[in-house]
Protein chains: 2
Amino acid sequence: MPESDYPDIRGLHLFHEMADEHFTALMRGAYVQNFPPQIELITEGEPSDFLHVVLSGAVELFSHWNGRESSMAAVRPISTFILAATIKDAAYLMSARTLEKSRIALIPSQDVRAVFDADNDFARAIVTELAQCYRSVIKAQKDLKLRTSLERLANYLLRQHKNASGTEFDLPFEKRRLASFLGMTPENLSRAFKSLQPYGVSVTGTRIRIDDPTNLVAFAKPDPLIDDFAT
Amino acid sequence: MPESDYPDIRGLHLFHEMADEHFTALMRGAYVQNFPPQIELITEGEPSDFLHVVLSGAVELFSHWNGRESSMAAVRPISTFILAATIKDAAYLMSARTLEKSRIALIPSQDVRAVFDADNDFARAIVTELAQCYRSVIKAQKDLKLRTSLERLANYLLRQHKNASGTEFDLPFEKRRLASFLGMTPENLSRAFKSLQPYGVSVTGTRIRIDDPTNLVAFAKPDPLIDDFAT
DNA sequence: ATTTGGGGTTGATCCAGATCAAAACACCGG
DNA sequence: CCGGTGTTTTGATCTGGATCAACCCCAAAT
């Protein structure tokens, strides 16, 4: 792995506090690869050989059951995925594929576990990271169980809108994936966008404009305990 | 807190490996209380003052949004809940209430965080625990997104059946809660039980009998990546 | 320029599951 | 034993969202 990639990874909370020697030990065993879009990086059920770090591009986590498929989450730079499987030395619960051309660092799980045993700061960072992940999934589950698909879309748009800080923004991926991510069909998503027009949402291709957020907020009723990523 | 309760808590993976002095420090600050059924122990949105340990009885975790309520999980002895909020020093994402008369240990979150900083074995145990919790929620989410309510019920019954190791078992709580837990209405749950009769499921009050598991398995298609608690 | 294929939209229909209403039942406390 | 309260069940109806099918659009390939 080229040393030029070290700083990006070192910059992650997860790797920021650990001892230098441990970090370089991890990096020595790791390697970086460029993947084209639509490549399946890992498959659910397989043993977790590597901790993955998305350096650029984007990765989708998804799952299968009985012939059905569902998008679970999207991972954007710079962050890791399947940390829990790596730590527990257990099988992946989700598959992952690149959404775009992506640069990804692969750190052998064995090494991660070894350093986890040796480096207390790293162990602590993992706690923080896992707690964050856990709470994110709980929020996603509340979103799913307490809201209709229209409400989920409205809140999703508000979350994106907040990050974008402007009146317009682009959807970060195809609508069909967004649909699966939100737990609905593409057809239904299309209709849902139309249903949000009266609340000032206009859609042109992948570009979204929210004229009057207060109007949409009144409908969506966003809740920090579901929609705030930070808390 | 009476010393007679120490062993139960010490027996948990979470507290098993930590130094004696740290354990007793935690216990000194903790206290144990008996609660009647239907008491709201914590409310979502509040700061996490205590790590809770269910010593006996049962606790339901649930959430609200926009006037709706949903059961998220049930906690049975001996285990902890809201560990993530305690560690992150963040607000609870879920509320908790006793389902039955319950004996619960309350450990000040501040103490937990202090010991977390001081005791590396404790920090490691927390990692394992959080990874476990994270993976459980992911499984629950797959269950929700990939299965119909009937399939969720069928798989739930098979999971309970497995634990019970007999042809019959009792539902661990009221049907209305089970319904909410499975993401359906009580009426629908009642009908769902009937729909499973052809697969050898009979219900008498809270008692469930599964005549021929293979029959039900063929319908439910349980998957270790969703239904195995251990993995 | 034409074909080809994949996303996206639209309309028609269908179905799972919610809602509403009422009856049956269980579990109390007096 | 009786009324009272809450849960479960049943039936009727409604609706959110899925499915099916056709069509549009655009981009890449020939």
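In chain B, 4 strands make an open sheet in the order β2-β7-β4-β5, with antiparallel pairing. Strands here are DSSP E runs of at least two residues, helices are H or I runs of at least four, and both are numbered from the N terminus. Two strands count as paired if DSSP finds at least two bridges between them. β2 (40-42) and β5 (68-75) of chain B are the edge strands, each with a single partner, so one side of each has no neighbour in the sheet. From one strand to the next the twist averages 35°, where axes are lines fitted to C-alpha atoms and angles run from 0 to 180 degrees between N-to-C directions. β4 (residues 59-65) of chain B is joined to β5(B) by 7 bridges, antiparallel. Within that pair, B:Ser63 is opposite B:Ser70 of β5(B).

Some housekeeping. This is a predicted model: local features need pLDDT of at least 70, side-chain atom pairs count only at pLDDT 80 or more, and totals for chains, interfaces and linings use all residues. Residues are numbered from 1 along each chain as its sequence is written, while chains are lettered from A and ligands numbered from 1 in the order in which they are written.

Next, the contact between the chains. It takes 41 residues from chain B and 41 residues from chain A, with contact meaning C-beta atoms, placed from the backbone, within 7 Å. On the chain B side, β4, β5, α4 (83-88), α6 (120-146) and α11 (224-227) each supply at least two residues. The largest share, 19 residues, is from α6(B). By class, that side has 22 nonpolar, 8 polar and 11 charged residues. Nonpolar means Ala, Val, Leu, Ile, Met, Phe, Trp, Tyr, Cys and Pro; charged means Asp, Glu, Lys and Arg; the others, Gly among them, are polar.

Chain A is divided into domain 1 (3-144) and domain 2 (147-227), with bounds from an automatic or database domain assignment. Their C-alpha centres lie 28 Å apart.

Technical notes. Contact = placed C-beta atoms within 7 Å.
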